[in-house]
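Work through the exercises below with the sequence and the model in view. Each task is followed by a solution in steps.

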Amino acid sequence: MANEPQSLFNLCAWAIWNPRDPWLRSGPARPACAREEASRAHSQTKILAVADEVDESLYGDALPALVPDLVLACGDLPFDYLEYLVTRLNVPLLYVPGNHDPELRPIDTTWTPPPGFIEPPTAGPEGCINVDGRLVEESGLRVAGLGGSIRYKPGPNQYSQRQMSWRATKLAARIRFQPASGGRKLDVLITHSPPAAAGEGQDPAHAGFVAFDRLIRRFHPLLAVHGHVHPYGRVLPERQIETTRVVNVVAARLLEI
Ligand SMILES: [Zn+2]
């Protein structure tokens with residue numbers, strides 16, 4: 001059949017798993033091709049990417065069997081779920097906030113809340129790294145992030161196209177001027193919303209950001225992951241912007257780059 005992988009190597013290269021796949025639901029056994037690939041000398045990085053919906057299949061033996069090098073979380077997930085993932089896997093977890101997350105601010109221990117103040121500042125999930133508006137290096141990858149969605153109602157982590165363009169411009173300056181040990185300035189872009197050119201939803205609340213298209217076309221990361229657009233049980237196909245893979249990772253995807 002035309003769409004089936006033609007060899008074991010292709011089958012392994014094709015291995016973008018959805019943890020809802022029966023392979024993972026059935027228990028910790030890893031598929032033969034994964035064992036072959038693990039034994040093969042390579043420099044690929046295995047990434048578990050999550051967003052928007054808790055994947056119940058990750059509460060069990062299937063999780064450690066995935067052996068990712070890195071976890072990326074694209075927002076709108078309970079903090080205790082992210083803390084569970086980072087604790088159980090013991091690998092770096094980088095995240096950006098979604099539009100349903102609280103406003104995240106560093107906790108200022110010198111600040112005393114005024115009388116009647118209800119919402120205390122939150123530093124986000126413990127043990128996880130907030131990459132919103134930042135560029136970090138983890139597992140040999142340069143990863144940059146931009147959280148939030150298009151503004152469609154009152155609340156934190158929502159931006160107009162113009163506001164997100166300004167955030168992306170500042171991030172681009174960091175990417176450009178922060179020295180890179182290798183040749184590539186950006187390996188992975190992690191966002192909550194999709195780029196406008198790939199994967200945006202049909203309604204105004206799930207519009208993509210033009211600024212993400214521009215970042216991708218400028219720096220050509222290997223991978224751009226996002227959430228926000230719910231696939232409702234379907235596994236959405238990967239998209240492409242020039243040479244960059246664009247993947248909607250709701251609820252969880254295992255990727256290799
Ligand atoms: Zn969202």
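**Exercise 1.** Which residues in α6 meet which residues in α7?

Solution. This is a predicted model, in which local features need pLDDT of at least 70 and side-chain atom pairs count only at pLDDT 80 or more, while totals for chains, interfaces and linings use all residues. Residues are numbered from 1 along each chain as its sequence is written.

Step 1. Helices (H or I, at least four residues) and strands (E, at least two) are DSSP runs, numbered from the N terminus. Helix α6 covers residues 161-177 and helix α7 covers residues 210-219.

Step 2. Two residues are in contact if their C-beta atoms, placed from the backbone, lie within 7 Å. On the α6 side the residues are Q161, M164, S165, A168, A172 and I175. They meet V210, A211, R214, L215, R218 and F219 in α7.

Step 3. By type, this contact has eight nonpolar residues (Ala, Val, Leu, Ile, Met, Phe, Trp, Tyr, Cys and Pro), two charged (Asp, Glu, Lys and Arg) and two polar (the others, Gly among them).

**Exercise 2.** Describe how the axes of α6 and α7 are arranged.

Solution. Step 1. Axes are lines fitted to C-alpha atoms, for helices over the stretch in contact, and angles run from 0 to 180 degrees between N-to-C directions. The two axes come within 8 Å and cross at roughly 25 degrees.

Step 2. Angles under 35 degrees count as roughly parallel, and α6 and α7 are therefore roughly parallel to each other.

**Exercise 3.** Which residues of α7 are buried, and what do they pack against?

Solution. Step 1. A residue is buried if 20 or more other C-beta atoms lie within 10 Å of its own, exposed if 12 or fewer, and partly exposed in between. In α7 the buried residues are A211, F212, D213, L215 and I216.

Step 2. Their packing partners are α6 and the strands β9 (188-191), β10 (223-226), β11 (239-241) and β12 (244-248).

Step 3. Just after α7, H220 has a positive phi of about 45 degrees.

**Exercise 4.** D76 and N90 each have a positive phi although neither is a glycine. Is each one buried or exposed?

Solution. Step 1. D76, with phi of about 60 degrees, is in the loop between β2 (70-73) and α5 (79-89). D76 has 22 other C-beta atoms within 10 Å and is buried.

Step 2. N90, with phi of about 55 degrees, is in the loop between α5 and β3 (93-95). N90 has 9 other C-beta atoms within 10 Å and is exposed.

Technical notes: Parallel < 35°, antiparallel > 145°, perpendicular 65-115°, else oblique.
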